[in-house]
Amino acid sequence: LISTMPYRVNILPRYVFTLLALTLLTLYFIYNSYIHTHSPVPEKCSQLQRGAGIPFTSNPILSLSSLSALPPPISPHPSCSPPTLPPIPSCAGQPGLTGESLGHERKVVLMMMFGFEVDTLEISLRSQLDWVDTVFLVEATSTTKGVAKPLMWERLRHLSRFSFVNTSKVVHVVMDDVIDMDQVKKDIWYHENLQTSKGVQRVKNWALHTGHLSPDDIFISADVDEVMSPSALQQLRWCKIEEEVIFGALWMPLGSLDRAYKIEFHVEGKPHTFGLPTIYKWEGVASGKYDGSRMQSKWKGKRDKFVAGGLHMTHIAFLPNAILKRISATERKKILVSNFFDDFYRGVDLEDLNNQQQLLTNLDYVQDWIFPWTLDPLSSSPDVDPHVPWFLACNKERYPYWFGQPDPRNQDFLAALLCKKAKVTTKKLFYEEGCYDTPASSTRHTKPCLSGWQKENKSLYPSYTGPYDIFTCNITGVGTMPSGQVGIVGALLFVGMMGWV
């Protein structure tokens with residue numbers, strides 16, 4: 001038989017060997033990957049201080065959540081206290097109010113989407129809880145990318161840090177639904193919209209059976225970092241509003257209190273304000289006329305009815321939160337990370353982490369979602385009322401990253417990275433120095449990014465016929481594209497990324 005089948009005898013072993021080699025190689029990579037992401041964490045890691053009791057593991061979401069929940073080492077200043085407001089506010093001076101008083105207080109309910117921002121949550125509750133009747137804190141067991149995450153509030157609410165909270169006024173809404181990953185891939189807003197709808201439905205049930213909201217009561221739909229001022233909230237309690245839907249108008253300094261950002265979704269006459277949260281008369285939500293969501297791009301009308309006062313606390317420079325937002329936020333491109341100890345930083349020291357924080361503060365890093373040419377100094381932004389939440393203003397040492405200083409918890413971040421010994425060949429940094437989408441290099445100097453942009457005379461760019469301003473960068477090696485291309489790129493940025501160019 002063998003002598004009559006020379007082809008099979010001579011050729012078959014060659015295929016078998018190749019197949020066996022490929023199989024063994026595949027198994028090796030699978031095993032290596034499993035060990036890389038599921039290996040036991042050294043005892044040294046288990047001895048670290050855990051934020052909200054969340055352990056440090058190779059899972060990046062878990063470990064970053066633990067770091068984000070670490071309490072600041074500086075205690076709240078004992079002299080800090082909320083502002084004293086008059087018993088009944090003036091109803092004048094706000095375009096979203098008629099100017100008339102109701103003559104009595106109405107109920108105000110605040111719904112906040114919450115993920116990981118523990119510092120921000122503390123400041124938000126300190127600033128707003130006393131001025132609303134109930135807060136609905138809506139949290140999911142997965143990120144907007146569909147990745148499992150720990151529930152934070154159930155851990156935080158028992159800590160001394162949040163002992164000031166009257167928990168009878170806070171309703172924790174948990175979205176624990178099975179997430180359709182196909183929908184996550186097709187629609188970046190799918191998860192956030194689903195989480196919002198779960199929160200609104202919970203408020204409706206509460207209003208029907210417990211809260212007994214009246215048609216004229218107020219429902220505020222917000223993210224946790226959209227913090228209205230106490231005076232604005234008091235006006236909503238006492239004053240008649242112009243329409244069924246009005247907006248907040250929040251100063252947006254992007255993590256540094258000396259500047260203001262121009263954003264597309266601003267209210268009329270105030271280009272440096274963010275036209276959120278969305279404020280509803282309860283009747284419009286209860287009837288189903290409105291879905292109760294934060295109407296950002298959904299709102300197609302004018303944003304001329306608003307109540308100004310507050311701070312949009314986005315783009316904070318606290319490293320754990322900044323990285324969590326980068327890898328999990330709705331509007332960020334998905335990046336693959338699987339191991340906390342290797343995928344963000346390697347071979348770093350405390351100075352490196354402090355410098356990473358400073359890159360965030362100054363916007364001197366490579367990114368493509370914040371347009372540095374639309375940031376103005378606060379001194380040249382007269383439309384801004386620079387409200388700072390009282391608890392933040394009174395505790396600068398507790399939140400130093402808001403004031404351009406290194407956060408002492410960067411040391412905890414470093415300890416977590418180093419608790420697992422790893423062979424380091426080259427240094428790795430998560431944030432790359434640069435300006436907007438241009439990396440720095442030995443020949444390309446990109447600092448300071450924010451002061452490098454200048455508005456051009458559009459008549460010098462005849463190939464661009466769009467309605468928007470043209471900016472170029474005078475920093476060495478940045479913005480050196482031909483003038484005709486500047487206008488074209490500007491138009492594409494506006495259409496594709498909803499920025500101001």
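The buried residues of helix α7 pack against strands β2 (108-113), β3 (134-140), β4 (170-175) and β5 (218-223), and also against helices α6 (181-186) and α9 (282-286). The model is predicted.

**Helix α7**

- Helix α7 spans residues 190-211.
- Its buried residues are Y190, H191, E192, L194, Q195, T196, G199, V200, V203, W206, A207 and G211.
- Helix α7 is followed by H212, which has a positive phi near 50 degrees.

**Helix α14 and its buried side**

- Helix α14 covers residues 410-418, and N410, F413, L414, A416 and L417 are buried in this helix.
- These residues lie on the same side of α14, because they cover an arc of only 160 degrees around the axis.

**The crossing of α12 and α14**

- Two packed helices are described by the distance between their axes and by the angle between these axes.
- For α12 and α14, the axes come within 9 Å and cross at roughly 125 degrees.
- The two helices α12 and α14 are therefore oblique to each other.
- The crossing in which α12 passes α14 is right-handed.
- Helix α12 contributes L350, L353, N354 and Q357 to the contact, while α14 contributes N410, Q411, F413, L414 and L417.
- By class, the contact of α12 with α14 comprises five nonpolar residues, four polar residues and no charged residues.

How values were computed
Residues numbered from 1 in each chain as written. Predicted model: local features only at pLDDT ≥ 70, side-chain atom pairs only at ≥ 80, totals over all residues. Heavy atoms only, no water. Buried < 20%, exposed > 50% of the residue type's maximum accessible area, 1.4 Å probe, protein only. Helix = DSSP H or I, 4+ residues; strand = E, 2+ residues; numbered from the N terminus. Arc of directions from axis to C-beta. Axes fitted to C-alpha atoms, helices over the stretch in contact; angles between N-to-C directions. Parallel < 35°, antiparallel > 145°, perpendicular 65-115°, else oblique. Left-handed = near helix turned anticlockwise from the far one by under 90°. Contact = heavy atoms within 4.5 Å. Nonpolar A, V, L, I, M, F, W, Y, C, P; charged D, E, K, R; others polar.
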